Amino acid sequence: MPRPEVLERLQSAEEEADDIVAQAEADRDERIAQARERAEQIRSEAEQEARELKEQRLEKAREEIDEECQQLLAEGEDERRKLEERAETRIDEVTEHVVSLFQEDVHAQT
């Protein structure tokens, strides 16, 4: 093969190799950009899921606290009612006792 032809083929092969390398670098850069974009998307989705889970847990905790509060209020109301009933049944007894003490004091002073 004549020398000029060999040089031409070498130059052609070098240009082809340069094109292949340039294309590979462009592909690499594009894939890196896509990977970064996908990673950002995954991170964003994970953050959104975490926020939603947090809200669900907070709502559940609020509901549980509200239920407990309602239960405590009902128990307190029931206890108050029972105390009132006991107090009402003892009114006559306490009145008699107070009158008796008063009479004792009056007799003791006379």
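Colleague: What conventions apply to numbering, confidence and atoms?
Modeller: Residues are numbered from 1 along each chain as its sequence is written, and side-chain values use heavy atoms, with hydrogens and water left out. As the model is predicted, local features need pLDDT of at least 70 and side-chain atom pairs count only at pLDDT 80 or more, whereas totals for chains, interfaces and linings use all residues.

Colleague: What radius of gyration does the protein chain have?
Modeller: The radius is taken over C-alpha atoms, and the globule rule is 2.2 Å times the number of residues to the power 0.38. The C-alpha trace spans about 155 × 25 × 10 Å along its principal axes. A compact globule of 110 residues would have a value near 13 Å, but the protein chain has 46 Å.

Colleague: How many helices and strands does the protein chain contain?
Modeller: Both are DSSP runs numbered from the N terminus, helices being H or I with at least four residues and strands E with at least two. Helix α1 covers residues 3–89. The secondary structure comes to 2 helices and 0 strands.

Colleague: What percentage of the residues in the protein chain is buried?
Modeller: Buried means under 20% relative accessible area, exposed over 50%, and partly exposed in between, with a 1.4 Å probe and protein chains only. D18 is exposed at 53%, and L10 is partly exposed at 47%. For the 110 residues of the protein chain, the buried share is 0%.

Colleague: Which residues form a salt bridge with R43?
Modeller: A salt bridge is a side-chain nitrogen of Lys or Arg within 4 Å of a carboxyl oxygen of Asp or Glu. E40 and R43 lie 3 residues apart in helix α1, about one turn, and their closest N and O atoms are 2.3 Å apart. E47 and R43 are 4 residues apart in helix α1, again about one turn, with a closest N to O separation of 2.5 Å.

Colleague: Which residues are linked in a network of salt bridges with D78?
Modeller: D78 and K82 meet in a salt bridge of 3.3 Å, N to O. These two residues are separated by about one helical turn because they are 4 residues apart in helix α1. The network links D78 with R81, K82 and E85.
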